[in-house]
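Hi,

Here is the structure I promised to pass on. Have a look, and my notes on cavities, the surface and salt bridges follow below.

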Amino acid sequence: MKTVTVTLPAKTYQIKIAAGLLTQVGNEVASLWSPRKIALVSDSHVEPLYCEQVETSLIAAGFTVHVYRVRAGEDSKQLGVLSSLYEELLGDDFGRSDGVIALGGGVVGDLAGFLASTYMRGISFIQIPTSLLAQVDSSVGGKTGVDLNTGKNLIGTFYQPDVVLIDPTVLQTLSQRFLVEGYAEIVKMAAISSLDFWHLIENINQPKDILKQAPALIEASVRFKAQIVEADEKEGGLRQILNFGHTLGHAIELLAGGQLAHGEAVSIGMVQITQIFEDRGLTPSGITAQLKKQLLAVGLPISSDLIGSPQFYELLKHDKKNHGDQLTLVYLKELGTADLYPVKLTAIHNFLNL
Ligand SMILES: NC(=O)c1ccc[n+]([C@@H]2O[C@H](COP(=O)([O-])OP(=O)(O)OC[C@H]3O[C@@H](n4cnc5c(N)ncnc54)[C@H](O)[C@@H]3O)[C@@H](O)[C@H]2O)c1
């Protein structure tokens with residue numbers, strides 16, 4: 001078992017990574033929680049695959065388990081679904097000393113985390129992420145939330161789990177598109193974190209290599225994300241480097257109207273922003289080509305016709321991560337080293353020149 005510790009001012013918790021960990025969930029949870037009622041929140045794809053073994057393991061360890069299943073997909077990250085979950089927990093007599101466990105991808109993690117952080121002013125919470133994106137990114141760092149019709153993740157909290165339990169074997173049932181999409185976030189973390197991590201992803205030459213190397217990729221990703229979150233839990237500064245590729249990526253994702261998955265849009269965003277900074281001499285030449293090689297190897301897209309339109313610039317100007325009249329771009333100083341580059345919104349068209 002690999003263990004990564006996240007140490008924050010108000011809380012320290014562990015991220016545990018091991019093949020077969022799903023069957024050990026009961027013992028793991030019992031080492032942290034006294035016997036209690038557990039709301040096991042999952043979605044319609046993951047629940048039939050993995051809920052039974054988790055539930056069995058929890059019951060054997062002395063817990064009472066209620067399973068709550070939401071429809072798979074982003075549409076479940078909404079206030080209506082959350083409200084039904086509050087009612088169900090109340091109906092099942094959940095109190096302040098009970099707990100919530102998220103078993104699923106980033107949607108379930110964000111939704112169940114928000115549920116746990118707000119139900120009766122906050123009850124205990126554990127993450128069991130099952131998609132690659134959730135295992136390397138969304139389950140670590142404590143961001144929870146739901147979407148509004150006007151935008152994603154507009155309502156949310158920072159709420160750290162008591163433990164994150166990662167079993168890489170569950171990735172075998174994940175579709176290749178979601179596997180590759182999650183891998184885009186791994187490429188991002190490798191590019192901004194260290195040369196060692198970058199060398200690790202240089203071994204990925206096709207999608208099936210992602211599965212083979214998953215334990216090492218997950219460990220490197222969560223170690224890095226934990227470091228960033230420790231330094232800047234609430235995204236006041238350094239944590240912004242995790243937005244590498246995301247500023248252009250978000251705009252492209254929105255313009256694509258569902259045709260591009262998030263990770264695909266981020267892949268395009270990383271390549272495009274790196275080319276811009278390379279052209280300006282701020283990123284050493286050749287790095288865009290290295291990024292492209294790694295992304296193309298698994299079939300991720302690297303360009304889009306949607307870039308550069310008036311709507312594209314409008315979306316950039318209204319990005320929720322903008323601070324006042326400026327937008328903060330993330331660029332690579334070297335492979336493995338990122339920095340922030342603020343640009344005034346009025347100058348963004350000239351700066352990007354797309
Ligand atoms: N909290 C954060 O810090 C953070 C960071 C990044 C993304 N996010 C959020 O994460 C969400 C995206 O996460 P995601 O890509 O995991 O989406 P998701 O939760 O919708 O999962 C993707 C799909 O894979 C299925 N799935 C998950 N695990 C599976 C498995 N082992 N086998 C078979 N199918 C499986 C799901 O049912 C779903 O259909 C977005 O809502 C995004 O806003 C949050």
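A quick word on cavities before the results: on a 1 Å grid over the protein atoms alone, a cavity is a set of points where a 1.4 Å probe fits but cannot get out, and its lining residues have an atom within 4 Å of a point. Grid points are joined across faces, edges and corners, and a volume is the space filled by probe spheres set on the points. By this rule there are 3 cavities of 30 Å³ or more.

Keep in mind that this is a predicted model: local features need pLDDT of at least 70, side-chain atom pairs count only at pLDDT 80 or more, and totals for chains, interfaces and linings use all residues. Numbering runs from 1 along each chain as its sequence is written, and side-chain values use heavy atoms, with hydrogens and water left out.

The largest cavity comes out at about 110 Å³. Its lining includes Gln240, His246, His250, Asp319, Lys321 and Leu340. Helix 10 (246-255) and strand 10 (326-334) each give at least two residues to that lining; helices (H or I, at least four residues) and strands (E, at least two) are DSSP runs, numbered from the N terminus.

Next, the salt bridges (a side-chain nitrogen of Lys or Arg within 4 Å of a carboxyl oxygen of Asp or Glu). The structure has 15 of them.

- Asp137 pairs with Lys225, with the closest N and O atoms 2.7 Å apart. Asp137 sits in helix 5 (residues 132-138) and Lys225 in helix 9 (residues 214-231), so the pair ties together parts 88 residues apart in sequence. Asp137 is buried at 13% relative accessible area, and Lys225 is buried at 6%. Here buried means under 20% relative accessible area, exposed over 50%, and partly exposed in between (1.4 Å probe, protein chains only).
- Arg177 meets Glu264 at 2.8 Å, N to O. Arg177 belongs to helix 6 (residues 176-193) and Glu264 to helix 11 (residues 262-279), so this bridge ties together parts 87 residues apart in sequence. Arg177 is partly exposed at 45%, whereas Glu264 is buried at 12%.
- Lys188 and Glu185 form a salt bridge, their closest N and O atoms being 3.0 Å apart. They are 3 residues apart in helix 6, which means about one helical turn between them. Lys188 is buried at 3%, and Glu185 at 1%.

Separately, salt bridges that share partners link Glu74, Lys77, Asp110 and Asp147 into one network.

Cheers

Conventions: 1 Å grid on protein atoms, 1.4 Å probe; cavity = no way out; pocket = protein on both sides within 12 Å on 5 of 7 lines; lining within 4 Å.
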